[in-house]
Amino acid sequence: MSGPHYNIPVFIPGLACPFYCVFCNQQSITGKCKAPDEIAVKHIIDTHLSTLTPGEGTIEVAFFGGSFTALDMEVQNRYLEMVKPYLEKGAVSGIRISTRPDFITHGILINLRSRGVVAIELGAQSLDDEVLEKSGRGHTVQQVETAAGLIYDHGFELGLQMMTGLPGDNEQKSLNTAQKIIELNAATTRIYPTLVIRNTPLEKLYARGAYFPQSLEEAVNLCAKLYELFQANAVKVLRTGLHPSEGMLNGESLVAGPFHPAFGELVMSKIWQNRLISKTRDISHYPLTIYVHPSDLNAAIGHKASNRKILEKEFGKIYFKSDITIKKGALYVDHAR
Ligand code: SF4
């Protein structure tokens, strides 16, 4: 179905997760402690559906937050069965799950397929063994590659999530990870800069000076590069930066790291800043008018008009105008007002 895509998110925080990645405290990140029961899941789905227009785009239920396929098969099936009535009446078109690469087998995939799962997002986080090891992930690059291949071969939409700024990580390793994600045929990705969350092993490393988080500027600049690389290779970036929970916003769960409530906007602003600077580099006339597609106008002007301010220093007055005939992501510069 064409049109917009809606995910109805159902968070299953850390349920049955036998691991403790250095950066993770699921309860702090999701702001929820209890896994939802059937009544809660139904309530979440009904509430979201009441705000959506049926037939306008794709609606999927997304089990996020934990490692779905690490749950007992019986528990996985119980959750999937909760969505079945909505699938049967066509209110939602499929189910998405997120999980770990080492909990994917042929048998698991057959079961998911038969119960309406259409997309699987793997938390790869890095495709560098040293980074995975230092981050306490408990799986290897080889396991990500094997799981991604199985998911792709079984015909699911494959998502591979990555993080930046992990222990032992650097910009080149993140770019290499992105390149491997592309080569593994991912259709989607999410990019999460590492944050130091309270009550995690990373907090202890940070406190004793053994871990240094990325600055906000470093994280934004790197995510802008990764976004452009993914976009050039037809991998859809579903998100950059964590959803800000209440604990993040009031500082209760966040210790350090490149957090910003509008992180994704900062990344889009940076991408447009790079495009605008490169396009106006050789121009000496002014004033300038920049034409972009209407959906790009805010990002082109920049977060808090940051790009307008940068260009105005160079060119005096700058006008931004939207034009439906311009391709998304492209821009046209004119010297007239
Ligand atoms: S596998 Fe996922 S849920 Fe479990 S500790 Fe790691 S990041 Fe957290």
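Which residues in H7 meet which residues in H9? In this predicted model, Glu171, Ser174, Leu175 and Ala178 in H7 meet Leu222, Lys225, Leu226, Leu229 and Phe230 in H9. Sorted by class, this contact of H7 with H9 has 6 nonpolar, 1 polar and 2 charged residues. Two packed helices are described by the angle between their axes and the distance between the axes. For helix H7, which spans residues 171-183, and H9, the axes come within 10 Å and cross at roughly 20°. Because angles under 35 degrees count as roughly parallel, H7 is roughly parallel to H9.

On the side of H9, the residues involved are Val220, Asn221, Cys223, Ala224, Tyr227 and Glu228, which meet Leu266, Val267, Lys270, Ile271 and Asn274 in H11. The contact of H9 with H11 has, by class, 7 nonpolar, 2 polar and 2 charged residues.

At the level of domains, the domain assignment of the protein gives domain 1, covering 5-261, and domain 2, covering 279-334. The centres of domain 1 and domain 2, when taken over C-alpha atoms, are separated by 34 Å.

How values were computed: Residues numbered from 1 in each chain as written. Predicted model: local features only at pLDDT ≥ 70, side-chain atom pairs only at ≥ 80, totals over all residues. Contact = placed C-beta atoms within 7 Å. Helix = DSSP H or I, 4+ residues; strand = E, 2+ residues; numbered from the N terminus. Nonpolar A, V, L, I, M, F, W, Y, C, P; charged D, E, K, R; others polar. Domains from an automatic or database assignment. Axes fitted to C-alpha atoms, helices over the stretch in contact; angles between N-to-C directions. Parallel < 35°, antiparallel > 145°, perpendicular 65-115°, else oblique.
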